[in-house]
Amino acid sequence: MLQWANSNAGLIIEDDYDSEFRYKGLPIPSLAKMDQLQRVIYFGTFSKTLLPSLRISYMILPKSLVVPFMTFHSEQKSVVSKVDQLVLADFLAQGLFDKHLAKMRTIYRKKQQALLTAISSHFSNEFQVIGEKSGLHIVIKLPQHLTESRAIQLAQEVGVQVYPCSTSYQNGTNETMIIIGYGGLTLQQINEGIALLASVWQ
């Protein structure tokens, strides 16, 4: 992709979603880092790492785009509180954000391990876990007898919220998969939720 961008004087927009929370293996370098921000526009947000209600995202531009963007942005009105921005800037400058991330990685790793253990205990091998190396959710590939819509309906009937995976595909997929998030749950809720799903999915 980087070679294509250089050869065609093109730009790549990179949304490095959930990159802060990786639990297995070495961190995967972003395209922006590999390219040293020559041909990559890098986007990120603090919604997952701090607070969704903070509503602050950021964009890191190639040097060639900084001046044009500043000219464009000088006529725009920011919808984000300047106080919040200044507090966050101070939080970053003091190195507190890195300490916060380290703490949250430990917490989320425990939650993820509890989730994987519960799935292994309650489900057969027909239910395959995908995407467990990073992020705040996993994907479960369902067996043939269970459709996506039916799995969601059954989960709702026992009070568990899961999410469709089909909406993430532009042209659809032949696989039947469900997304399960765990970031905002306690260890007890994770265990109880998986037990409830197992009672209606198997």
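This is a predicted model: local features need pLDDT of at least 70, side-chain atom pairs count only at pLDDT 80 or more; totals for chains, interfaces and linings use all residues.
Good morning. I begin with helix H7. At 1.5 Å a residue, its 15 residues should span 21 Å, and the C-alpha atoms at its ends are 21 Å apart, so expectation and model agree.

Which residues of H7 are buried? They are Ile190, Gly193, Ile194, Leu197, Ala198 and Trp201. These residues cover an arc of only 135° around the axis, and therefore they lie on the same side of H7. Gln188 and Ser199, on the other side of the helix, are exposed. What do the buried residues of H7 pack against? Their partners are H5, H6 and E7.

As general background, nonpolar side chains in soluble globular proteins tend to be buried together. In the present model, the largest nonpolar core has 34 residues, and Val162, Ile180, Leu197 and Trp201 are those with the most contacts inside it. At least two residues of this core come from each of helix H5 (96-122), strand E5 (137-141), helix H6 (148-157), strand E7 (177-181) and helix H7 (187-201). Helix H5 gives the most, with seven residues.

Let me take Val162 as an example from this core. Setting aside neighbours within four places in sequence, Val162 is in contact with Ile152, Ala155, Ile178, Ile179, Ile180, Leu197 and Trp201. Apart from this core lies another, of seven residues, among them Leu2, Ile12, Ala32 and Val40.

I turn now to two individual residues. The first topic is Lys111, which is found in helix H5. Is Lys111 buried or exposed? Its relative accessible area is 14%, and because the limit for a buried residue is under 20%, Lys111 counts as buried. Leaving aside neighbours within four places in sequence, Lys111 is in contact with Tyr182, Gly183, Gly184, Leu185, Leu187 and Ile190.

With a relative accessibility of 10%, Tyr42 counts as buried. Not counting residues up to four places away in sequence, Tyr42 touches Glu14, Asp16, Ser19, Ser30, Ala32, Leu37, Tyr58, Met59 and Ile60. One of these, Ala32, belongs to the core of seven residues. How far apart are the C-alpha atoms of Tyr42 and Gly181? They are separated by 25 Å, and the two residues are 139 residues apart along the chain.

Thank you for your attention.

Definitions and conventions. Residues are numbered from 1 along each chain as its sequence is written. Side-chain values use heavy atoms; hydrogens and water are left out. Buried means under 20% relative accessible area, exposed over 50%, partly exposed in between (1.4 Å probe, protein chains only). Contact means heavy atoms within 4.5 Å. A nonpolar core is a set of buried Ala, Val, Leu, Ile, Met, Phe, Trp, Tyr and Cys residues joined through side-chain atoms within 4.5 Å. Helices (H or I, at least four residues) and strands (E, at least two) are DSSP runs, numbered from the N terminus. The expected span of a helix is 1.5 Å times one less than its number of residues. The arc is that of the directions from the helix axis to the C-beta atoms.
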